[in-house]
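The sequence and the structure are shown first.

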Amino acid sequence: MSELLTLKYTVHGDNFTGAGEASVSMKRELRQLGFDANVIRRAAIAMYEGEINMVIHAEGGEAEVIISEDKIEIILRDEGPGIANVELAMKDGFSTAQDNIRALGFGAGMGLPNMKRYSDDMRIETEIGKGTTVYMTVLSDSPKNAL
Amino acid sequence: MQIKNRTAAQLAAELGLEVLNEADGERSITCGYAGDLLSWVMGRAPADCAWVTVMSNVNVIAVASLADVGCVILAENAELDAAALEKAIAVGINIYRTELPVFDLCAKIAN
């Protein structure tokens, strides 16, 4: 189906005050386009977790959101340290975040699991020392809308 | 858990909560959730819930907004920092406060 809108954001590293700006902006756009509230919520949660991961681990990065009638594609690119063991990183509760991050309420090891849970498809490309790109798709029509 | 359906303002009045920002007092609150780990809350808190927490930084407001939380209630008189209040006003999040501990507050909300 035809593409409605593409959004591009720069996510600044080491800025927890501004973290979530891209997700909040995307949410506003999706609402204006008339997407179902559950679809918007899933996209917003998945994107926010990715945004926070880029701030915590990769000193920021770039986010791109391609919105079509039937799906929202979210691409998060960073030039951070890469993920050494993706399978381990996907486990609930596994985190490499430092204590100062945990004190803010992050680092519970739920970021990647939440991204997988709330998106319909997620793919991670990562290379140690080069960076990580996460591709997520949220479908307009999905059984996950009941989550 | 599901609770008796009330508006945010009704809930606040019933529990004697201090109003820090009432962006939409008519917002319907249908359930409750408690927790301080933001990703945990993000992943589990249902839409339109009253979220009880002692975490009070600016990221709480972002999570509440993105997860469609109906209102945030700070327990144990947790101090809301200026940046968080500013953000709550900007993005329209209902935020209340009480001296009650989390458990006591949840018990009151549930009844």
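Thr137(A) lies in strand β5 of chain A, which covers residues 131-139. The model is a predicted one. Setting aside residues up to four places away in sequence, Thr137(A) is in contact with Lys71(A), Glu73(A), Ser119(A), Asp120(A) and Asp121(A). Between Thr137(A) and Glu29(A) there are 17 Å from C-alpha to C-alpha, at a sequence separation of 108 residues.

**Helix α1 of chain A**

Helix α1 of chain A runs over residues 21-32. Ala22(A), Ser23(A), Met26(A), Lys27(A) and Leu30(A) are the buried residues of α1(A). Because they cover an arc of only 135 degrees around the axis, they lie on the same side of α1(A). Arg31(A) and Gln32(A), on the other side of the helix, are exposed.

The buried residues of α1(A) are covered by elements of both chains, including those tabulated here.

| Covering element | Chain | Residues |
|---|---|---|
| β1 | A | 3-12 |
| β2 | A | 60-68 |
| β3 | A | 71-78 |
| α3 | B | 58-66 |

Helix α2 of chain A also belongs to this cover. After α1(A) comes Gly34(A), with a positive phi near 85 degrees.

**Contact between the chains**

Chain A contributes 20 residues to the contact and chain B contributes 19 residues. On the side of chain A that touches chain B, α1, α2 and α5 (111-118) each supply at least two residues. The most comes from α2(A), with five residues. By type, this side of chain A comprises 10 nonpolar, six polar and four charged residues.

**The largest nonpolar core**

In soluble globular proteins, nonpolar side chains tend to be buried together. Here the largest nonpolar core has 72 residues, of which Ala43(A), Trp51(B), Val72(B) and Ile73(B) touch the most other members. Helix α2 of chain A (residues 37-58) gives the most to this core, namely 12 residues. Which residues does Val72(B) contact, leaving aside its neighbours within four places in sequence? They are Trp51(B), Thr53(B), Val60(B), Ala64(B), Ile93(B), Asn94(B) and Ile95(B).

Key
Residues are numbered from 1 along each chain as its sequence is written. Chains are lettered from A and ligands numbered from 1 in the order in which they are written. This is a predicted model: local features need pLDDT of at least 70, side-chain atom pairs count only at pLDDT 80 or more; totals for chains, interfaces and linings use all residues. A nonpolar core is a set of buried Ala, Val, Leu, Ile, Met, Phe, Trp, Tyr and Cys residues joined through C-beta atoms within 7 Å. A residue is buried if 20 or more other C-beta atoms lie within 10 Å of its own, exposed if 12 or fewer, and partly exposed in between; C-beta atoms are placed from the backbone. Helices (H or I, at least four residues) and strands (E, at least two) are DSSP runs, numbered from the N terminus. Two residues are in contact if their C-beta atoms, placed from the backbone, lie within 7 Å. The expected span of a helix is 1.5 Å times one less than its number of residues. The arc is that of the directions from the helix axis to the C-beta atoms. Ala, Val, Leu, Ile, Met, Phe, Trp, Tyr, Cys and Pro count as nonpolar, Asp, Glu, Lys and Arg as charged, and the others, Gly among them, as polar.
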